Amino acid sequence: MSGKPVKKRLWRWRNNPLRRHDDIVEAWIVLAMWLAIVIGGAIAGLVTAHAADDVLARQRAERHPVRAVLLTDLPSASSSGDTAERISADVSWTTADGTAHTGRALVNAGQKAGARVQVWLDGEGRLTSQPPGRVEAGFEAGLLGTAASLATAGVVFAAGAVVRWRLDRRRLNSWDTEWAMVGPRWGHKTG
């Protein structure tokens, strides 16, 4: 034998004369915490991802592009070299019923007044942003689901840590009380 101490797995669950009631309580707390992290985190992630995907799919269904005319000249792209820079500008468009509208929308920089641009309208005919595509929406839904799962795991872990800390405080207070009773019987004190 190497003389190394053997680490006993699941020691809090085993019958042991030194095992305290608090050890059993802590074992159940840890088990419940990990089950809540795994199961609760998975459920929170899936529900959030599904809800986000539904919202983004509804946006894709409700929003539609229309051709508009740019009303003012726009400055060219900034010196950063980003040719896809978008700037808020005044545009006008005509709806299917022939009603003319004007508003502000994001359009590519560097265009002149009178240029034809594409803008997006929501279900009520108001200017809005372009909805995310299927791939972008799937990525965003997955990201939100992962964030919800991690947030749930963090909250459960923090709650479990607080409960275990309170349990440790209770153990320390119990040891202090017991030591106050036993310590004077030992006779001589150091220090």
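How do the residues of the lining of the second largest pocket divide into nonpolar, polar and charged? The answer comes below, after a look at the chain as a whole.

This is a predicted model, in which local features need pLDDT of at least 70 and side-chain atom pairs count only at pLDDT 80 or more, while totals for chains, interfaces and linings use all residues. Residues are numbered from 1 along each chain as its sequence is written, and side-chain values use heavy atoms, with hydrogens and water left out.

The protein chain has two helices and five strands, which follow the pattern α-β-β-β-β-β-α along the sequence; helices (H or I, at least four residues) and strands (E, at least two) are DSSP runs, numbered from the N terminus. Of the 191 residues in the protein chain, 23% are buried, meaning under 20% relative accessible area, whereas exposed means over 50% and partly exposed lies in between (1.4 Å probe, protein chains only).

Leucine 31 belongs to helix 1 (residues 21-62), and because its relative accessibility is 37%, leucine 31 counts as partly exposed.

The second largest pocket is lined by Arg86, Arg104, Ala105, Leu106, Gln118, Val119, Trp120, Leu127, Thr128, Ser129 and Gln130. Two or more residues of this lining come from each of strand 3 (100-108), strand 4 (116-121) and strand 5 (127-128). A pocket is an open set of points on a 1 Å grid over the protein atoms alone, where a 1.4 Å probe fits, with protein on both sides within 12 Å along at least five of seven lines, and lining residues have an atom within 4 Å of a point. The lining of the second largest pocket divides into five nonpolar, four polar and two charged residues, where Ala, Val, Leu, Ile, Met, Phe, Trp, Tyr, Cys and Pro count as nonpolar, Asp, Glu, Lys and Arg as charged, and the others, Gly among them, as polar.
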